[in-house]
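Dear colleague,

Please find the structure below, handed over for your own work. My notes on what was found in it follow directly after.

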Amino acid sequence: MLKADNDKQLQHAGRLLKLGGIVAIPTETVYGLAANAADTDAIQQVYQAKNRPQNHPAIVHIGAIEQLQDWAYGIPDEAYLLAEQFWPGPLTLLLHRHPKVSPLITGGSHSIAIRMPNQAQLRKILQQQNIGVIAPSANLHKQLSPTTAAHVLEQLDGKIDAVLDGGRCSVGIESTILDLRETSDKLRILRPGPITAQQLSKVLNQEVEAPEQHDVSVAGNMAKHYQPQAKLRWLNSNTNANANANITEPHSIILVRSLRDDLPQQQQRALGATPEQFAHALYHTLHELDQKRVPTIWLEPLPETHEWQALRNRLHRAAE
Ligand code: TXA
Ligand code: MG
């Protein structure tokens with residue numbers, strides 16, 4: 001384990017990446033398993049370590065806006081407008097892959113997903129080494145994404161060259177992915193995330209669609225995803241302890257936004273009343289409950305408003 005706040009160890013992580021190692025890295029969303037995006041051997045090692053199918057494309061992480069043109073071509077003005085507004089940050093842009101970039105990164109596709117993470121130490125490495133890195137979330141295929149270095153080791157210890165410990169992820173769920181390959185018509189979100197369609201639409205002054213159903217046409221965007229070991233069950237919406245008789249089963253836990261007085265107090269976990277607080281706590285709490293081998297987790301349905309869309313998406317897929 002390397003510490004991101006130690007300059008020598010940070011530089012060591014950077015050199016490892018440059019020279020073809022696979023290193024788990026902190027970002028503001030979740031930890032990623034990184035490889036130099038110009039090194040096809042290292043990329044393949046990432047897929048092997050995760051048990052990830054080759055046709056699932058990975059996101060390229062860059063340290064400066066100028067690096068965009070190394071990976072994409074025909075970049076529309078909209079990309080620069082959004083980058084100025086939201087980068088570094090949890091927004092991934094889907095663009096046309098530059099012809100010289102390996103199709104291994106993109107699962108053979110001509111499009112490429114790129115973002116600049118909001119984690120200062122990671123950006124420092126990317127700038128110093130002058131590299132981009134692919135970084136799928138640092139979990140085994142389909143499992144829960146890690147939000148601490150310890151979570152990474154639970155799933156990947158022994159399979160990777162190092163973990164760079166940058167503390168707990170500030171945002172806590174994966175980035176929003178926006179399709180910018182065709183900008184003349186309505187734009188479309190492929191994966192809802194911390195940055196909402198409304199925020200994007202306001203900056204671009206253009207309509208942005210955010211389908212509630214996830215897009216199965218995208219390889220790697222499976223219905224079943226983000227799964228903890230515990231069984232996830234939905235609370236009956238007209239809740240009281242009787243309508244949901246099973247929740248009183250010993251050791252089951254109920255995830256709520258704020259503590260409720262119609263449910264057993266000692267079984268509730270309050271994750272937060274705002275989407276930001278809830279996202280920050282969600283995977284972190286699921287990891288903790290898995291560690292404690294909690295058999296069943298009950299989920300309170302989330303509000304149907306756009307601010308909660310990304311969290312509805314993650315919970316539905318985890319509970320699939
Ligand atoms: O917040 C995040 O985005 C995190 C951190 C580590 O940056 N990364 C992440 O990567 O969530 P991953 O690989 O777990 O999910 C990336 C998803 C893929 O499952 C795929 O659906 C989509 O991004 N994607 C990547 N490249 C694509 C492409 N060329 N075309 C379509 N979809 C793509
Ligand atoms: Mg993932």
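Two strands are taken to pair if DSSP finds at least two bridges between them; helices (H or I, at least four residues) and strands (E, at least two) are DSSP runs, numbered from the N terminus. In these terms, I254 has Q268 of β15 as its bridge partner. Strand β14 (residues 253–256) pairs with β15 in the parallel sense over three bridges.

Before I go further, some conventions. The model is predicted: local features need pLDDT of at least 70, side-chain atom pairs count only at pLDDT 80 or more, and totals for chains, interfaces and linings use all residues. Residues are numbered from 1 along each chain as its sequence is written, while chains are lettered from A and ligands numbered from 1 in the order in which they are written.

The sheet

The pairing above belongs to an open sheet of four strands in the order β13-β16-β14-β15, with parallel pairing. Its edges are β13 (231–234) and β15 (268–270); each has a single partner strand, so one side of each is left without a neighbour in the sheet.

The annotated sites

UniProt positions are given in the numbering used here, feature names are shortened, and annotations may be inferred rather than shown by experiment. An unreviewed UniProt entry places the feature "binding site" at T29, H61, R115, A135 and S175. These positions span 147 residues in sequence, yet no two of their C-alpha atoms are more than 12.4 Å apart, so they gather at one spot. The unreviewed entry also lists residues 7–195 for "domain: YrdC-like". That span is 29% helix and 21% strand, and its end C-alpha atoms lie 31 Å apart.

Are A135 and S175 buried or exposed? A residue is buried if 20 or more other C-beta atoms lie within 10 Å of its own, exposed if 12 or fewer, and partly exposed in between, with C-beta atoms placed from the backbone. A135 counts as buried because it has 27 C-beta neighbours inside 10 Å; S175 is buried, with 27 other C-beta atoms within 10 Å. A135 lies in the loop between β8 (133–134) and α6 (149–156), and S175 in the loop between β9 (162–165) and β10 (176–179).

Two residues are in contact if their C-beta atoms, placed from the backbone, lie within 7 Å. Leaving aside neighbours within four places in sequence, the contacts of A135 include H61. Not counting residues up to four places away in sequence, S175 touches T29 and R115, among others.

Backbone geometry

Most residues other than glycine have a negative phi, and most peptide bonds are trans. The peptide bond from W87 to P88 is cis, with omega near -10°, and P88 lies in the loop between α4 (77–86) and β6 (91–97). N130, which is not a glycine, has a positive phi of about 50°; N130 is exposed, with 11 other C-beta atoms within 10 Å. For K142, phi is near 75°, and this residue is partly exposed, with 14 other C-beta atoms within 10 Å.

A helix contact

The axes of α4 and helix α7 (residues 197–204) come within 10 Å and cross at roughly 115°. The contact is made by E78, L81, L82 and Q85 of α4 and L200, V203 and L204 of α7.

With kind regards

Notes: Axes fitted to C-alpha atoms, helices over the stretch in contact; angles between N-to-C directions.
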